[in-house]
Amino acid sequence: MRSITVLSGGVGGARFLRGLLHGIRTGVLPGVSPDARVTVIGNTGDDLWLHGLKICPDLDTVMYTLGDGIDGERGWGRRDETWHVNEELTAYGLDNTWFGLGDRDVATHLVRTQMLEAGYPLSAVTEALTRRWLFPTYADRLALLPMTDDRTETHVVIADPDLERSPSGRRVIHFQEYWIKLRASVPVESLVFVGLDEAKPAPGVLDAIAEADLVILPPSNPIVSVGTILSVAGVRENLIATKAKVVGLSPIIGGHHVHGMAEQMLTAQGIEVSAAGVGLHYGARGHGGVLDGWLMDSSDTDSVERVTAGGLRAAAVPLLMSDPDATAAMAAAAISLVSEDA
Ligand code: FO1
């Protein structure tokens with residue numbers, strides 16, 4: 001295999017990608033050549049405009065993680081970060097400084113916003129930013145594409161008991177406010193994917209799926225990360241039609257997400273919060289779905305039979321991305337699961 005395409009969200013997807021690239025480098029991935037090219041299709045549903053800046057959390061998390069600029073503890077934002085700008089904004093009385101904007105991170109948003117305002121599409125902006133972060137290490141063997149150049153934002157409808165403020169008894173907030181300010185602690189009435197119905201795939205996105213030897217759905221959020229990418233026009237159709245094998249790894253282990261808010265998002269969409277539930281939600285190619293194989297954690301071994309019955313190849317191995325070697329082993333297991341001779 002020489003070309004691998006990964007549909008990725010933020011923290012979970014970035015951690016998986018670091019292991020996948022480690023596995024390519026160390027030659028532990030069956031049938032994958034050491035000079036294999038990886039194309040990441042990044043989720044832009046988490047994007048937001050804040051303080052006049054365009055912020056793309058999932059693209060930046062992938063870029064900083066693979067460019068070794070990420071803060072390892074948080075999993076997002078820059079290492080060696082300071083927060084003076086955010087502290088000053090708070091001192092001026094702004095009420096949206098719950099979004100942790102780091103001083104180093106601001107530079108990324110300033111460059112992005114200036115380029116967007118000069119008329120460059122998000123894909124060109126992302127390519128320019130990755131020239132600093134990814135090109136020195138990976139050259140043309142790694143590309144990060146936004147899923148679309150069009151504006152998309154995931155918003156969350158929650159109950160609002162303050163009928164003065166919300167006569168309807170419900171309120172719509174940006175996904176980032178739900179996740180960061182409310183810590184995903186309130187019930188979700190529904191999700192609104194602003195712009196997603198009209199979003200066109202960014203240049204290279206459909207080709208990256210159609211021409212891949214392998215497509216991977218990493219353990220990112222199946223609703224607000226992978227789900228949004230699957231909803232961009234043409235993506236699902238190309239996944240069903242591609243000559244590539246398509247394999248996914250479960251973000252749910254033993255009925256729970258490892259971090260983030262996949263449980264809340266699956267519940268909001270009425271999808272069973274389990275490894276099998278997510279795999280069968282993505283579905284088997286040939287049965288209206290997009291997957292050939294679904295890899296679950298060892299604690300979900302008893303779900304293998306049910307997923308296989310759904311038309312998917314399935315296996316259960318340790319899925320905790322504790323370090324690049326462990327993650328590379330997961331990627332190798334996923335590739336083996338859908339290899340011809342498996
Ligand atoms: N996550 C938090 O929990 N708190 C924050 O203050 C925060 C700020 C932030 C700034 C830039 C960025 O790229 C990501 C940031 N994140 C923060 C993470 C972000 O909410 C998540 O990475 C995804 O959007 C949800 O998976």
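What is the volume of the largest pocket? In this predicted model, in which residues are numbered from 1 along each chain as its sequence is written, the largest pocket has a volume of about 930 Å³. Local features require pLDDT of at least 70, side-chain atom pairs count only at pLDDT 80 or more, and totals for chains, interfaces and linings use all residues, while side-chain values use heavy atoms, with hydrogens and water left out.

A pocket is an open set of points on a 1 Å grid over the protein atoms alone, where a 1.4 Å probe fits and protein lies on both sides within 12 Å along at least five of seven lines; lining residues have an atom within 4 Å of a point. Grid points are joined across faces, edges and corners, and the volume is the space filled by probe spheres set on the points. The lining of the largest pocket comprises 44 residues, of which Gly10, Val11, Trp76, Trp179 and His259 are the closest to its centre. By class, the lining contains 21 nonpolar, 16 polar and seven charged residues (nonpolar: Ala, Val, Leu, Ile, Met, Phe, Trp, Tyr, Cys and Pro; charged: Asp, Glu, Lys and Arg; polar: the others, Gly among them). At least two lining residues come from each of α1 (11-26), α2, α4 (103-117) and α7, where helices are DSSP runs of H or I with at least four residues, strands are runs of E with at least two, and both are numbered from the N terminus. The greatest contribution to this lining is that of α2, with five residues.

The ligand sits in the largest pocket, in the sense that more than half of its atoms lie within 2 Å of the grid points. Its shell consists of 13 residues, with Asp46, Pro57, Gly100, Gln176 and Arg183 the closest (near: a heavy atom within 4 Å). Seven of the shell residues are nonpolar, two polar and four charged. Both α2 (57-66) and α7 (175-181) supply at least two residues of the shell, and α7 provides the largest share, four residues.

Polar contacts are pairs of N or O atoms within 3.5 Å. A polar side-chain atom of Asp46 lies 2.8 Å from an oxygen atom of the ligand, and a backbone N or O atom of Gly100 is 2.8 Å from an oxygen atom of the ligand. For Trp76, a side-chain N or O atom lies 3.4 Å from a nitrogen atom of the ligand. The protein covers 90% of the 530 Å² of accessible area that the ligand has on its own (Shrake-Rupley method, 1.4 Å probe).

Arg183 is located in the loop between α7 and β8 (188-194), and its phi is positive, near 50°. Ala184 lies in the loop between α7 and β8 and has a positive phi of about 50°. Most residues other than glycine have a negative phi.

How values were computed. Polar contact = N/O pair within 3.5 Å; in protein donor to acceptor, adjacent residues only side chain to side chain.
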